Structures are given as structure tokens and as C-alpha cells.
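Subject: Structure handover

Hi,

Here is the structure I promised to pass on. Please open it before you read my notes.

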Amino acid sequence: MTLEYVSEVSERIQSMEIRGAGKIARSAAEALRVFASESTADEAQSFLEGLREAGDVLISSRPSAVSLPNAVKYILYRVENSKATESDDLRKITINVAKEFIENSLEAVDKIGLYGAKRIDDGDTVMTHCNSSAAIEVIKSAWGEGKDIKVIASEARPRYQGYITVRELAKEGIPTTLIVDSAVRAVMKKVNKVVVGADSIAANGAVINKIGTSQIALSAQEARVLFFVAAETYKFHPETCLGDIVEIEEREPSEVADPKEFEGITIKNLAFDVTPPEYIDLIVTEKGVIPPQAAIMVIKEEFGWAVGDRW
Ligand code: RI2
């Protein structure tokens, strides 16, 4: 039984070599699949103990994207409730459930693209932030339908995931402009729709996404620009129904500036912020397009198993 691959994936998630809430979740599922296929445990109990340990390692990699614990807990829940008693059967179930999670996750992004594209009009200028595969799918899907759209994308300092976004969109031939994060308000009057992704969505509909998202939402609100969030249902945070607060990841100051050049100065590197539901017009999920106020319903329907009798 080896945790080698699991630890490697965990490190790659921490360093952000693997990043993006959806991708993190799929990589964790894949790591559990590999763990199961390599496990030599011949007793059900020891297989399950190893699987739980692997899950804990993965969950501890990054704190803000709930997609990660949701993926791990879902796989564990399905395996633990499978009634299988032999380690071989548990192994097969883990492999199948992990594969199913990955397939469903990819399919969800496609559906979000289709649903979200209906809310993008011909001639629109769409703003996006950071690098969200779900948000990009909405944009690509609208473009694929022949809509003549333009995109404005912000850099997303300090890790510059906006660079990935602009390159990806330009490859599709979509006219794309890159701006610095602080230029958002200056260009908002030219924008018709904002589409961003999510790392977590709380029970009250608040969206936790890349730092800078909330000021884009504020700016969009001021300019009466529609603000959409594209997110799979496994980005809704079950524990927030019970009062939990989503932990905002604080990363190394050195990602912002070299601390040696700023001695005696605190450099803060908050990776995410919270956009209140009042600033969000729609959340596009694979199960449909909903107002942020419906988040609690999504959690009840999709995560009853996770919250169980703690409701
Ligand atoms: P998808 C990213 O976080 C961004 O905040 C992005 O909006 C979100 O995950 C969702 O991404 P980071 O990993 O799942 O770059 O839509 O810190 O790809």
C-alpha cells in the first residue's frame, strides 16, 4: 500500500502545478483511483484505513476550494456505503467511483458551457478573471455558436492565471484583451457581462473565488453589468449550512514580492475573496441556472449524504 502518488499529487496541488478548483478535484479522484489500484491490502479494514489516510492527505493540500474535500468525501462515502466486505471489491468500487466522478465532472463543465452561453448575446464584451475552466467554457461555447464576442481578462496577480486564460481564448480566435487587475473599473463601461468561476459557494450564495473577484463584482454592480458565476454543483460547500466559514488560503508572501527587499514590512498574500450574493445575478451549474439564493437548495439536494444527521 503506497501513498507515494497521493503525496506527489498533494504537493503538486500545494505548489499550484495542478490548479483550478475542478482540476484539483479530478486529480484527487485520480490519486484515489491510483491508490486503490496499487493497494495490496487483503483485508477490507486495512484497505479502508489506507483510503481514508490518502483522502486526508489530499484534503489537506489546499483549504479554500471545497471541490477537493467534496470529491474525496464523495468517493469515500460511496465506497464505505457499498456493503462490500472484501478488499478486492472495495478496490474495484473505488476505481469505478473515481472514474465516474472524473467523467461527470468533465461532462458538467460542458453542460455549464451550453447553459451559460445562452446568457451571452451576439456583440457582447465579456469580462473574466483568473483562469476558470467553467467560465472559459461559457465563453468558448458562445463563440462556438457564432456569437461575435470580445473578452477582457484581468491578470490575477500574483500568480497571473489570467495569462493562461488569454492564451486559451486567443487560440480559439476570440478577440481578447489583457488588463491589469486594477484596470477593471476603468473598462467596466465597455463590458456587458462578467463570467467568473468559483472555488466554493456558501449556503447563503456567497462565492469564494480568486482574489480580486469581489471588487470586479462591486464594479459590475455599480455599472449595472450582469455578473455570472460558472460552477459545478460540487463547488457548493455543505458545511456552511452548519455555520462553518470557508477558510481563505493565505499563500507565501514571496509570491507577491521578495520579503528580503521589504524587511520589517508585512506582505499579505490572500488567494481568495468572498463575493456576497447581492452582487451575483446567476450561478450557472450543470443542473441548471440558479440565483445565488438557491445555493441552500443545491446543498440540500446534492449533499444530504455529506451533512447527514447533522442538519
Ligand atoms: P475551474 C481557481 O483557483 C480560480 O479561482 C478559478 O476561478 C477557480 O479555481 C475555479 O476554476 P486557483 O486554483 O474549476 O487558480 O472553473 O487558485 O477551472
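Predicted model: local features only at pLDDT ≥ 70, side-chain atom pairs only at ≥ 80, totals over all residues.

**Helices α1 and α2**

Start with α1 (residues 4–14) and α2 (residues 21–38). Their axes come within 9 Å and cross at roughly 170°. Angles over 145 degrees count as roughly antiparallel, so α1 is roughly antiparallel to α2. The crossing is right-handed. On the α1 side, the contact is made by Tyr5, Val6, Val9 and Ile13. From α2 come Ile24, Ser27, Glu30, Ala31, Val34 and Phe35. By class, this contact has eight nonpolar residues, one polar and one charged.

**Helices α6 and α7**

Next, look at α6 (residues 133–144) and α7 (residues 161–171). Here the axes come within 11 Å, with a crossing angle of roughly 20°. Angles under 35 degrees count as roughly parallel, so α6 runs roughly parallel to α7. α6 passes α7 in a right-handed crossing. Ile136, Ile139 and Lys140 of α6 meet Thr165, Glu168 and Leu169 of α7. Three residues of this contact are nonpolar, one is polar and two are charged.

**The ligand**

Which residues are closest to the ligand? They are Arg19, Ser133, Asn209, Lys210 and Lys235, among 19 residues that surround the ligand.

- Aspartate 199: an N or O atom of its side chain is 2.7 Å from a ligand oxygen.
- Alanine 21: a polar backbone atom is 3.1 Å from a ligand oxygen.
- Alanine 134: a polar backbone atom is 3.2 Å from a ligand oxygen.

Best wishes

Note on methods. Residues numbered from 1 in each chain as written. Heavy atoms only, no water. Axes fitted to C-alpha atoms, helices over the stretch in contact; angles between N-to-C directions. Helix = DSSP H or I, 4+ residues; strand = E, 2+ residues; numbered from the N terminus. Parallel < 35°, antiparallel > 145°, perpendicular 65-115°, else oblique. Left-handed = near helix turned anticlockwise from the far one by under 90°. Contact = heavy atoms within 4.5 Å. Nonpolar A, V, L, I, M, F, W, Y, C, P; charged D, E, K, R; others polar. Near = heavy atom within 4 Å. Polar contact = N/O pair within 3.5 Å; in protein donor to acceptor, adjacent residues only side chain to side chain.
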